[in-house]
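Visitor: I am new to this structure. Please take one part of it and go through that part closely, after a word on the whole.

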Amino acid sequence: MKNRLSAKPWILGLAIAGLVAGSLLISGYIGFVDSNLFCSVSGIGAPAVAGYTPAEIQLQSIIHYATSKIVPQQSLDEIRISFDVLKARCPCNFLVFGLGHDSLMWASLNALGTTVFLEEDPKWVQTVLKDAPMLRAHHVQYRTQLQEADRLLSTYRSEPYCSPTKAFLRGNEKCKLALHNLPQEIYDKEWDLIMIDAPRGYFAEAPGRMAAIFSAAVMARNRKGSGVTDIFLHDVDRKVERTFAQEFLCRDKYYVNGVGRLWHFKIPPAANMSEADRTSDKFC
């Protein structure tokens, strides 16, 4: 995410909304807030993250975005799609591929839930956490490169452990698209929302988002709890993101809406799919 942040002329202001004493206001973000912006500002009985209560995380977010010249690259309309889902589902389990100056916003919108960030650059993790130690972030190593995207797409079906009926993540070394070595807490939770806005995917040696898209699809299909998994994919103006979304997230079937460079999918667990979909050797 760090490469997709831009400095813009900033507008200082605060909006009083219900129990919240302010919100995002930089650039085009004024007017984004309504009385249901956060799950709760009191956070009574909610666990603290790195010693910060949910209310403190939200207030830190207000201060940060009220005084910073850095804004997320996602547009207001793009952010609003994820915001509307968070507003309906929080507190929830929210997994974000990528770490950046927008991360505090996502964490504060789900302050009573669990929000975890996965980042490829260990130095960037340290940089972000220095200013926002209340964020839960992990460094992740990828086994893919963007230049491998076409080959991975054309050959993954020859590996049985990449098949939707057999695919799993933890310890799955045979399927190169599976994120097999994530932190334990990623495997221990079922994620209600997954945002894919990383890793880097704009030069040949970059990891690309192939494995993130595949792994998000596997997480959604393998979900045991009730309900769907909301998956948000950013930068769909790029070929790899569009192609892998079509292959694994099933744009023709599970796409809900999108705006700008963001697509939103709702993927049910395999148990809730038709028998044909559940037993197919294709994700879509």
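Guide: Of the 284 residues in the chain, 53% are buried, meaning under 20% relative accessible area with a 1.4 Å probe and only protein chains considered, while exposed means over 50% and partly exposed lies in between. The model is predicted, so local features need pLDDT of at least 70 and side-chain atom pairs count only at pLDDT 80 or more, whereas totals for chains, interfaces and linings use all residues. Residues are numbered from 1 along each chain as its sequence is written, and side-chain values use heavy atoms, with hydrogens and water left out.

The chain has 10 helices and 11 strands; these are DSSP runs numbered from the N terminus, helices being H or I with at least four residues and strands E with at least two.

The part to look at is the open sheet of 7 strands, with the order β7-β6-β5-β8-β9-β11-β10 and mixed pairing. Its edge strands are β7 (136-139) and β10 (255-259), each of which pairs on one side only. Two strands pair if DSSP finds at least two bridges between them. On average, and with direction ignored, neighbouring strands of this sheet are turned by 15 degrees against each other. Such angles are taken between axes, which are lines fitted to C-alpha atoms, for helices over the stretch in contact; angles run from 0 to 180 degrees between N-to-C directions.

Within the sheet, strand β5 (residues 93-97) and strand β8 (residues 193-196) run parallel and are joined by 4 bridges. Val96 has Met195 in β8 as its bridge partner. Helix α2 (residues 76-89) packs on the sheet, where it touches β5, β8, β9 (229-234), β10 and β11 (262-267). The direction of α2 makes about 165 degrees with that of β9.

Another helix, α8 (residues 239-249), holds Glu241. Glu241 counts as buried because its relative accessibility is 1%. Leaving aside neighbours within four places in sequence, the contacts of Glu241 (heavy atoms within 4.5 Å) are Arg209, Ile213, Leu233, His234, Asp235 and Val236.
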